[in-house]
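Open the model in your viewer and keep the selection panel at hand.

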Amino acid sequence: MKQNFAFDPDFLWGASSSAYQCEGAAAEDGKAPSVQDIKTVPEGTADFTVASDHYHRYKEDITLLAEMKARAYRFSISWARILPDGKENAAGIAHYHDVIDTCLSYGIAPIVTMYHFDLPAALEAQGGWSNPAVIDAYADFARVLFREYGDKVPYFLTINEQNVMILAGAIVGTGGSGQSARQLYQRNHNMMLAQAKAMVLCHQMAPSAKIGPAPNINVIYPASSRPEDYLASRDAAAMRNWLYLDLAVHGRYNVYAWNILRQQNALPEIAPGDMELLASAKPDFISLNYYATMTVQASAPVMPGTAAADQQSVFHVGGHFQTVKNPHPSKTPFGWEIDPLGFTAVLKEVYDRYHLPVMISENGIGLYDTLNADGTVHDTERIRYYEAHIAALAQAVKEGVEVFAYCPWSAMDLISTHEGFRKRYGFIYVNRTDDALLDLTRYKKDSFYWYRDMILNQGRF
Ligand code: BG6
C-alpha cells in the first residue's frame, strides 16, 4: 500500500497508554487501590500489580519512544497516586513531574488523560459516579493537575471513553452492572458536570494548556437501505456518540437521545445550575478513540436483555435499534471489525458536527505477537492495519478535517481491559505473559521501525 500525502511537519505522531494498564507498582509510593485493583480478574489473566512495570521503567520506555521519533506520548495519571485518600501524595505528584520532564527532554509532547477507567476504590465505596460528591472530588484532582503540570502539559484529556463506561462499564471494569438505565444516565450526568468543571478550571489555572473530551466514536451503519434501518442508525449514533459530544461541546443534551432516555424512564435529575455549568465549559479540541464501526437495524419494541461480549459489540434500545453483524469488514483475531474507511467517515462526521480540531487518542489492533529467539517480533498484521488507517486519516485531512495528533494504542504492550496480556497492542514488546512475569525486557517490533520511518517521511509510506 502507498500513501503519498505529506502531513504537516508539526503533526503530533505519538503513542498511547493508560496508568493502570501499564504502570504496575499498584501499592507503591503511597498509591491507594483503584477500582481496577479490586476487581476480580479471571484465572489465567494478568492482574494489575506489575503490569508492564512502566512505573519503574518509564525512562527506558520514553527513550524508546524518542528513538521511534514519536512527537507525543499520551498517558494517564493515576488519580489514586495523586490523591490516595483525598490528601495530596508528594511521591505520586513527583513521579508524574518526572514522566512529563522526561518527555519534554526529548521534545515529546506529554498528552495527559486525567482519568482513564481507574476511579480510586475509596470513592467507589462511597457510590462512585452515582454519588454527586465525586464531581467535586474530580474537580479537586483536576486542580492539583493544573497547578502542578499546567504550565508544561500542552493537552489534557478529561475522561477516557465516558460513553464506554456508561454502555459497557462491566466489561472495562468500571462498574454499573445491575444499575437501572436511570441510574446509569445519572452517573453520566455527574461525569459530564465533573468534566465541565475541569474544562473551566483548566482555562482559569493553565491558560497555555488545551483541554478536550476523549470518547470512543463509531460510525453506525444502517443494516440495509430500509428507511427504518436508517432511522435506527441515527438513533444509535445519538445514544452512542452525540449524547456525549453535544454535551461536551454545546452544553446541551442531544434531543433524540433525550427523547429515548425519556421513553426508557432514564432521564437524569438536573439540579439548578447544572445546565449553566455545562454551557459555560468549552473544549478546545475533540479527542476520539477509534477501533471499529457498528451496524444496526430497527428493533422490535421490546428486546430481550443481551449481555455485551465486548465494548465494541452488543448495544440496543427496544423500539429503536439493535446491533447486527456486518458481513463486510475483516476482523482482528479478537473479533473486532477492521474498518479503515469507517475511520475517514468518523473524522468527517465529527468535524462536520463540531468544527473543532481533532486528536486521535487511540486506534490500534490487538494481536497474539510472538517474540522470536533473535529478539524480533514480526507483527506484519499491525503494520497493514496502520497503513490502512493512516491512509484513511490522510484522506480525511485532504478533505478538510483539521486533525493535529495521532496516538495509536499502544506505546508498549500492556494489559487489555478484559483480555489480559496475551492481547498485545504495543510498538514495543514487553517480555511477560499472563501467567509469568519473565524479565519484562523491551523489544522493538517490526511495527516500531515501520512507524518510525513513516514519521520521518511525514506520514508517507
Ligand atoms: C479502549 C480503552 O477501550 O480500548 C483502552 O481506552 C483499551 O483502555 C483499548 O485497552 C483496547 O481495548 P481492549 O479491551 O482490547 O483492551
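Select W79. Leaving out residues up to four places away in sequence, W79 touches P84, Y115, D118, L119, P120, L123, W129, V134, A137, Y138 and F141 (contact: heavy atoms within 4.5 Å). A second, separate core of 12 residues includes A109, Y155, M359 and A405. A nonpolar core is a set of buried Ala, Val, Leu, Ile, Met, Phe, Trp, Tyr and Cys residues joined through side-chain atoms within 4.5 Å; buried means under 20% relative accessible area, with a 1.4 Å probe and protein chains only. The largest such core has 144 residues, and W79 and L393 have the most contacts inside it.

A note on the model: it is predicted, so local features need pLDDT of at least 70 and side-chain atom pairs pLDDT 80 or more, while totals for chains, interfaces and linings use all residues. Numbering runs from 1 along each chain as its sequence is written, and side-chain values use heavy atoms, without hydrogens and water.

A polar side-chain atom of Y425 is 2.5 Å from one; for N160 the distance is 2.8 Å. The protein covers 100% of the 380 Å² of accessible area that the ligand has on its own (Shrake-Rupley method, 1.4 Å probe).

**Stop three: S416**

Select S416, in the loop between β14 (403–406) and β15 (428–430) (strands are DSSP E runs of at least two residues, numbered from the N terminus). S416 counts as buried because its relative accessibility is 4%. An N or O atom of its side chain is 3.1 Å from a ligand oxygen.

Terms used
A polar contact is a pair of N or O atoms within 3.5 Å; within protein, one must be able to donate a hydrogen and the other to accept it, and residues adjacent in sequence count only if both atoms are side-chain atoms. Buried means under 20% relative accessible area, exposed over 50%, partly exposed in between (1.4 Å probe, protein chains only). Helices (H or I, at least four residues) and strands (E, at least two) are DSSP runs, numbered from the N terminus.
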